[in-house]
Structures are given as structure tokens and as C-alpha cells.
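Student: Could we go through this structure together? I would like to take a few local features in turn.

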Amino acid sequence: MSPTPASTKERPAWQALATHCKTLDSVGLRDLFAEDPSRGERLCVEAAGLFLDYSKNLVTDATLGLLHDLAVHAEVAERRDAMFRGERINTTEGRAVLHVALRAGPGDTLVVDGEDVGPKIHAVLGRMAKFAERVRSGKWTGHSGRPIRNIVNIGIGGSDLGPAMATEALLAHSDRALCMRFVSNVDGTDFAEATRDLDPAETLFIVCSKTFTTLETLTNARTARHWCVQALGDDSAVARHFVAVSTHADEVAAFGIDTRNLFEFWDWVGGRYSLASAVGLSLMIAIGPENFRAMLAGMRSMDNHFRSAPLHANMPVLLALLGIWYSGFHGCQSHAVLPYDQYLRRLPAYLQQLEMESNGKRVDRDGRPVDVPTAPVVWGEPGTNGQHAFFQLLHQGTQLVPCDFIGFARSQNPLAQGVHHDWLMANLFAQTEALAFGKTAEQAAAEGVPADQLPHRTFPGNRPSNTILAEALTPHSLGALIALYEHKVFVQGVVWNINSFDQWGVELGKALAKQIEPELTSASEPTLCHDSSTNALIHRYRRWRNQG
């Protein structure tokens, strides 16, 4: 791969896009659709069971051609292939980035540091499947001999957001006899509320931590251990009520978990990319090994599309380039993800970490300041709830917010002969149409809107959106959707020339918290060396804390 230029803005392809953007000031979506009646059928792509309509974007064929040139000049295809080959593309940590290996087929060869990691991956998946079946069948019993009915996943970040999101997304495919809970926040309320109605004798904790030293996870795990042992009256109960997902067997053993109940994953799996690994154990227990494998198949199908489809017809590449178009040339600082399915209500939170932790960077791979905007703020809520909360801003606000709408042709709960779902999807299609084309003053006047209300009752349109559809929300389609966004993030990182796979930005706050915590709890008044604001806050906290 050739060296990248010192500045992203200096790339000829970037400069060509900047010049081109100025020529589109007077071009609107009404005009683009009028000039090309087949635009809606033409600007779309289908892959891995997903259908993407990207016709309602502020782009012409020339725009798409220039964006394609940008991807070519950034060597997206070459860097994609380097990732799949297991090269150490996570340069700041010296690691390969091979989460795609987790869902590879049994016969696929994926090499990391000269070793084919496939056999290890499938061995862990096999152990996970056996364990999940034992729990689901009632053969795995707790310390008192009773079957497990409650599963509590303890993790944070990717060790929580992925399995929590997917478990809720696939609730219709899960064993409803099992109660699934997720604890992540170090706030004691999270643990207290997750366990308040659970019987310790029927509860299994899955502690997910790559290093098994993460402060929040270990704090919650120790509280869970105390809760369990206190109720069951025997330290040996830990072996029947705790399993671990980690890379560090010594730390797991020191906690008291039998290392035979340790499910391994590897340092070439980033936390936010780890759902397909042993981190997904809670999900596998909930939906069963067969459904978990179907999710992996969906991921693999999108992986294959990403690897083989030409850039101009590549779904993750298109989503990535459109996002770059809005952040880099239209000044958009946020991006809304709007799933029209209640089961996907945690998807925006999951994508927040995936995108903002991956690409929320201010320096490039060589440590130089990035001179273009990188990751936008990702946010969203399920439709139709969001329509009655923030869509006012989307339609008539002063900020341009690109949106991804996600919907399904069939509902998991077709109430009233499907009427609920028909209304849901009617709203999805209506919102994309309204955002794109708006309503002119002439249209409003023709509807009888009084002249003095016309400024309030017109809509500018030209608000861009993508629509992603699938037949139904299944393990396969969820896997494809997750992989779609993973690869979108990768492509954007390549174009911005940043390392999408480290997260040093989370470390400073952790280090300072370790310094401050003993200052909050020490018996004697501590000598504080922070700024005047932090010192004053600590003094006030100590005063109020000790008055309780």
C-alpha cells in the first residue's frame, strides 16, 4: 500500500468533492427525482438479505463517482484485504483486527501471526454450544441442585452493549422460560435492580472482561459473588453460579471461577466487535446455538459481500461514503439511526459505541492532526416514538441530520391481522418521503393553510436518508445488519486515515477515577491537588456522604 498524503484535504479526490459540492447548492431532491424517474429503482443495492435504498440522498451520479474515486485513492479495497489477511492494522496496539474470523465458515483459513485461528474459534464455539444446551435443558444446575432460570451478564462497553442489544433484538427467537439480565454500570442501582427479584439458587452470572481487571465489571462481579455466597452459604457455590469470558485465566482463577468454565477470546477481537465471540455466550443461551449460528451466517454473508462486491455497488462502502459526504462537505455533526422495530430499541446505543469509539479520533494513524471531521454523534430511537419526540428538528430545524431508517416487511407480532405493522411501515415510508421532498408554500396554500401560518406549515425537504429493509428481523438479518455497520465504520476510518480499532480516549478518565476514589473514602481529610472545581466538588461530596 502506498503512503498516504500528509493531509486528507490535500487528496485530489477530496478537493474535487469540495469543488463539486459548491455546484449542488441549487439542486434539490425534487429536481433529481423529476429528472430521473427511475432514480428510486436505480440507486439501491441488495446483499445478505438486506435491501438499501440510498436514492433520497443529496447526491448526483457525479457525486457518487467522485466518492468512489475517494475510496479508490484511499485504498479502501487494499486495506480491507489486509484486515481479512490478519495483518496488524491496529498499529497503535500492534494487533491484527480479525473479528471477521469469528464468523468464518469451518473450512475457511484465517491466519494470525502464522497460525490458522479457525480451529480455536470453532472449538470455543463448540464449547459454548454444549454449555448453552446444558443450561437451556436444565442439566446445568446450581449449587443446591436446582436448574438455572436466570442469566445475568456482567460486562461493560462491547461486553454488554452487543449481547444486550442482540438478546433484546432476538427476543422473539429466545427461550422465554429464561430470564436474561445485563449489568454494566458501576452504579449500584444497576446491580440491585437487575437482581432484586432473582433467586440466587437459580442464577448464573457470566462475567465478561477481556483482561478481567475492568473496574466496573470486577466491582459488579465481586458484588455478585458476595450476593450469591451470602445467600447460598458456601464459597464453593461460585463454581456452579459463575462462568467467565476472558483472555486471562490467572485473573479468572484468582476470582474463584473454575477455569474449566472459562470461555476464551483473543486480543485481535476488539470489545465492540466481539458479539460473535464468547462474549455472545449469554445471547447463545437465550436463543440457542442454532439461532446463534444463523446470526454468524448473516454476518458472514455480509462479510463476503464486502470482500467481493465492487466499491460502487458495495453496501458498507456506500453507507460509509455517504456519511463522509455529509460530515466532510455539508457540516453535519450527527447521524440518526431510526429502527422501526421495537426489538431494535438498543441498536442506536450499540452503534454509538461502534462508531464513536472507533472513529472519534483527532489524529491520524501517524499521529498527525486530522484536518477533516471524523465520526459524527450517533443517536436515535425506535419509530414511531421518535416521531413524537425529535422529528420536529429533523423536518424543520436548522441542523441537517442524515438518517438511517431500518424496517422489516413482516412483524414478529402481527396484531390485528397485521394492522399495527402496516401503520408502522406506512410511517417509515412517509417520513423518508416527507424529509426528502417537504411541502412548499404553494402546496400548503392549496390545502387551505392561512397565509399567516404558511411559514410554520411548510417544510424545506432535502433532508437526506437511507432506508434499509429486510423481510423479517431474524438472527440472520440481525447478523447482516451488525456486519454492515462494522464494515461501514472500517471504510470511514480508512478514508479518514485513522485507526478505528484503538480507544485510548477512554483511559484518562479511568486513571483519574482511580486517583480520586480513595480521596472520597479516606477516613482523614485528604490533601487534594486537583483544580479548584474538582477539589470543591470532592469536599462537598465528602461532607454530604458522611452526613448520611
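Tutor: The side chain of D364 reaches the backbone nitrogen of D366 at a distance of 2.8 Å. Please keep in mind that this is a predicted model.

Student: Where does D364 lie?

Tutor: D364 is in the loop between helix 15 and strand 11, the latter spanning 377-379.

Student: Is D364 buried or exposed?

Tutor: D364 has a relative accessible area of 8%, and buried means under 20%, so D364 counts as buried.

Student: Which residues does D364 touch, leaving out those up to four places away in sequence?

Tutor: With those set aside, D364 touches V370, N497 and I498.

Student: Let me change topic to T458. Where is T458 found?

Tutor: T458 belongs to the loop between helix 19 (454-457) and strand 13.

Student: And is T458 buried or exposed?

Tutor: T458 has a relative accessibility of 19%. The cut-off for buried is under 20%, therefore T458 counts as buried.

Student: What is T458 in contact with, apart from neighbours within four places in sequence?

Tutor: T458 is in contact with Q396, K439, T440, A441 and A444.

Student: Now the strands. In which sense do strand 1 and strand 2 pair?

Tutor: Strand 1 (residues 44-47) and strand 2 (residues 50-53) are antiparallel, with 4 bridges between them. A47 has L50, in strand 2, as its bridge partner.

Student: How many residues sit between the strands of that hairpin?

Tutor: There are 2 residues between the strands, and A48 takes a positive phi near 55 degrees in this hairpin.

Student: How many bridges join strand 2 to strand 13?

Tutor: Strand 2 is joined to strand 13 (residues 465-470) by 3 bridges, and these two strands run antiparallel. In strand 13, I468 stands opposite L52.

Student: Last topic, the largest pocket. What is its volume?

Tutor: The volume of the largest pocket is about 1300 Å³. The pocket is lined by 41 residues, of which I156, T214, V506, E507 and K510 are the closest to its centre.

Student: Which elements give two or more residues to the lining?

Tutor: These are helix 7 (158-169), helix 9 (215-232), helix 15 (347-359) and helix 21 (507-521). Helix 21 gives the most, with 5 residues.

Student: How do the lining residues divide into nonpolar, polar and charged?

Tutor: The lining of the largest pocket has 16 polar, 14 nonpolar and 11 charged residues.

Notes:
Residues numbered from 1 in each chain as written. Predicted model: local features only at pLDDT ≥ 70, side-chain atom pairs only at ≥ 80, totals over all residues. Heavy atoms only, no water. 1 Å grid on protein atoms, 1.4 Å probe; cavity = no way out; pocket = protein on both sides within 12 Å on 5 of 7 lines; lining within 4 Å. Points joined across faces, edges and corners; volume = space filled by probe spheres on them. Nonpolar A, V, L, I, M, F, W, Y, C, P; charged D, E, K, R; others polar. Buried < 20%, exposed > 50% of the residue type's maximum accessible area, 1.4 Å probe, protein only. Polar contact = N/O pair within 3.5 Å; in protein donor to acceptor, adjacent residues only side chain to side chain. Contact = heavy atoms within 4.5 Å. Pairing = 2+ DSSP bridges.
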